[in-house]
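This briefing covers the fold of one protein chain. The sequence and the structure come first, followed by notes grouped by topic.

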Amino acid sequence: LNAAPDVAQHVVLEIEHRAIANLNDAGIQGLAHLGRSGASLGLGGAAATGIEFAALLNLGFRTIEFAAGPVASIPAWLNAARIASSQGMEVLVGGVERPEQVETIRRWAHFASGPHFAPPRLVRSDLGAEPLRARAA
């Protein structure tokens, strides 16, 4: 990144909340370097408690992602999302399946995804790379 600083602005790295606790000092310093270099850092699989928002912001985290399942029913999740939003982080919610989840989520999340918006579908064979048989001919 030092040799090509313009590349960092195109780097997006998501790290799971539970994985941060396993990082050693060098790992934390590496995240901080990526954040200072302009990479976008995101916290995935965020738990409702144990989030140190100031530390995340200092490292360069700009997004936080929660799972939709418990969000609407657990006040701690709503509180964590509100705090993240008030600190300037973009709040994402994944796995949205039902309309009632959307009603709760829309009040504090910036982005959401899941089967409610676009159910999984089969990938057509004509989308993507040329089939192996055609390349071998």
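In what order do the elements of the chain run from the N terminus on? The order is α-β-α-α-β-α-β-α-α-β-α-β-α. The model is predicted, and its secondary structure consists of eight helices and five strands.

**Sheet**

- The five strands make up an open sheet, ordered β1-β2-β3-β4-β5, with parallel pairing.
- The edges are taken by β1 (12-16) and β5 (111-112); each has a single partner strand, so one side of each has no neighbour in the sheet.
- Strand β2, residues 40-44, runs parallel to strand β3, residues 61-67, and three bridges join the two.
- Within this part of the sheet, Gly42 is placed opposite Thr63 in β3.

**Helix against the sheet**

- Helix α6, made up of residues 75-86, lies across two strands, β3 and β4 (90-94).
- The angle at which α6 runs to β3 is about 160°.

**Burial and surface**

- The chain has 137 residues, and 30% of them are buried.
- Its accessible surface is about 8800 Å².
- Carbon and sulfur atoms account for 55% of that surface.

**Contacts along the sequence**

- Of the contacts between residues at least 6 apart in sequence, 52% link residues at least 24 apart.

Definitions and conventions. Residues numbered from 1 in each chain as written. Predicted model: local features only at pLDDT ≥ 70, side-chain atom pairs only at ≥ 80, totals over all residues. Heavy atoms only, no water. Helix = DSSP H or I, 4+ residues; strand = E, 2+ residues; numbered from the N terminus. Buried < 20%, exposed > 50% of the residue type's maximum accessible area, 1.4 Å probe, protein only. Contact = heavy atoms within 4.5 Å. Areas by Shrake-Rupley, 256 points an atom, 1.4 Å probe, with all protein chains shown as cover. Pairing = 2+ DSSP bridges. Axes fitted to C-alpha atoms, helices over the stretch in contact; angles between N-to-C directions.
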